[in-house]
Amino acid sequence: MATQSLLDEIQQLLDSELCESALQLAELECKPRLHDPHVPIPERLALLRTYSRCHSSLNQHSASLHAITEFVSGPTRAQLSSEDLEQIVRDISDARWALGEHDLCLAQLRQIPRRHRTVRDVARMARCAELVHSSDARDLYKELLVRQPNATEAYAFVHSRGAGAPFDGSTRHDVASITMARTMMRRLEYKAAASELQRLARRHRSNAHVVALHATCLFMLDDVRQSRILYERARALDPMLMHEMGAYSALLMQENDAHAVYALGSQLLRTDQMRPEGWTAMARFLAMTGQTQEALALVWKAQALAPSCAAAYCAEGGIQLLCECPEEAAKMYAKAHALEPTAQTYRGLITSHVQNGEHKFAYSYAKQLVELMPQNARALAAVGSVLAHSAESHAKAVRLLESALAQDPRCTDAIVALASLHVTNNRLSDAVSLLERHLVENETDDMYTRYADVLTLANELPKAAANYAVALEMNPSNERAKTGYERVDRLMHPSAESDDGEPGEGEPEVEPSDMSDDDML
């Protein structure tokens, strides 16, 4: 088989995620040719990189490293040009990085002469130096800023060490704008941060990092539709983008789009398995499909890779809530909040403490959130939801929830909390009319399920069954809708419960006391 045809066939297998088949073919065809003196050096180098890539695709980074070092240690070395050797150094450093050998990765890249180093080389060296606490990390980051002025991580590192960075006027302004936007995001001033990033994006339309940050601001402001568009635009600008992808996987999970979460996680893991974003996304996918224990294993791996990654702890908080472990969830959200406070960590803490019966703590966080985001409907809804758990505060809770809906008629948190409060007070007609009024603007399987739950309590069983069916049509894996539909079907056809059962005595009525508020809403 001709070399180019062989390389194309292996690449096709890798692109199709048939990695084991690709490695088998590489073992049979590529490996024997690596040390064949009759094969030209450029072809042997291409075969080596393909063979190495096959090992890396299966996380066999040690085998990849062994193949490269064995090749370059033999008599072939004398036939390699300086450019070839520099590329081999980069390949070896990639393997060492994947293995977590950051000190050896840094030492390997130092072999490349300064004038031949690419931006990627300098960025990798700076990151390794930071991870191993090398004294020249600052100098490497400063060198990176000279080569790539938009490297905000480099600016943040240099700035945090109190050292001046070599900027020209416009570059310093742009990087300072990103730093200012990040500071505003930490203060939950998302509107101001979004405006700053929007201005910056006009000057740097192709900067994926700026677009992704803007998307995160909009996500925290509950503009899910526009934030998803911006996240996809950022990924189109830079398919290797990792920053803000933890927030994006949270958005996709909120949208109940399991397929998109899986696709995102798979791509992130193919890009870099030593970063937490891919593992966090895959953990969320497993949680969405009911595999909570496997999800926890993956999210713990993400935390081990990056102990300071707030998104990984936030993801575990959500998974622990699905496992009905609110105490553990509260601990994880607290860790995430200490690392990087966001609207998401506040909401997680509020939900965890409410489910744990710690309403005083929940109210404290809800009050802080509404003070930081006074014009945000979900923040008002959070306070109202907590107050709804106290009978003495029901009137105040209703006022806050209605105020939240006046600000944003699509605020699902406020709709659900107010409907639940009406159910608690046995005002089922009010709950039904509220959900009917807002269902047009919130057509999701979850909202149809909640509406059907209330209709069941109101004894409108045929209408409840129809809405459960709509929810299942939108999302066939909605277990709550399945359970509700089966319950309503039994209530409507009691004689069909068993072949030898008692004959039916007509359609039974459902009292609100027959089902708990938690079951319904």
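Histidine 55 lies in helix H3, residues 41–57, where helices (H or I, at least four residues) are DSSP runs numbered from the N terminus. Because its relative accessibility is 5%, histidine 55 counts as buried; buried means under 20% relative accessible area, exposed over 50%, and partly exposed in between, with a 1.4 Å probe and protein chains only. Leaving aside residues up to four places away in sequence, histidine 55 touches Leu23, Glu27, Gln60, Ala63 and Ser64, contact meaning heavy atoms within 4.5 Å.

This is a predicted model, in which local features need pLDDT of at least 70, side-chain atom pairs count only at pLDDT 80 or more, and totals for chains, interfaces and linings use all residues. Residues are numbered from 1 along each chain as its sequence is written, and side-chain values use heavy atoms, with hydrogens and water left out.

The chain has 29 helices and zero strands, a strand being a DSSP run of E with at least two residues. Of its 521 residues, 49% count as buried. Among contacts between residues at least 6 apart in sequence, 51% join residues at least 24 apart. The chain exposes about 25,300 Å², and carbon and sulfur atoms supply 50% of that area, computed by the Shrake-Rupley method with a 1.4 Å probe.

Two packed helices are described by the angle between their axes and the distance between the axes. The axes of H5 (residues 82–98) and H7 (residues 119–131) come within 12 Å and cross at roughly 35 degrees; axes are lines fitted to C-alpha atoms, for helices over the stretch in contact, and angles run from 0 to 180 degrees between N-to-C directions. H5 passes H7 in a left-handed crossing, that is, one in which the near helix is turned anticlockwise from the far one by less than a right angle. On the H5 side the contact is made by Arg90, Ser93, Asp94 and Trp97, and on the H7 side by Arg120, Asp121, Arg124, Arg127, Cys128 and Leu131. These residues divide into three nonpolar, one polar and six charged. Here Ala, Val, Leu, Ile, Met, Phe, Trp, Tyr, Cys and Pro count as nonpolar, Asp, Glu, Lys and Arg as charged, and the others, Gly among them, as polar.

With a relative accessible area of 7%, alanine 208 is buried. Its contacts, not counting residues up to four places away in sequence, are Ala234, Leu237, Asp238 and Leu241. The C-alpha atoms of alanine 208 and leucine 237 are separated by 5.6 Å, although the two residues are 29 apart along the chain.

Leucine 237 also ends the span of H13, residues 224–237, whose axis comes within 11 Å of that of H14 (residues 245–254), the two crossing at roughly 135 degrees. That angle makes H13 oblique to H14; angles under 35 degrees count as roughly parallel, over 145 as roughly antiparallel, 65 to 115 as roughly perpendicular and the rest as oblique. The residues of this contact divide into seven nonpolar, two polar and three charged.

Two loop residues remain. Most residues other than glycine have a negative phi. Asparagine 426, in the loop between H24 (412–424) and H25 (428–439), has a positive phi near 60 degrees and is exposed at 51% relative accessible area. Asparagine 459, in the loop between H26 (445–457) and H27 (461–474), has a positive phi near 65 degrees and counts as partly exposed at 22%.
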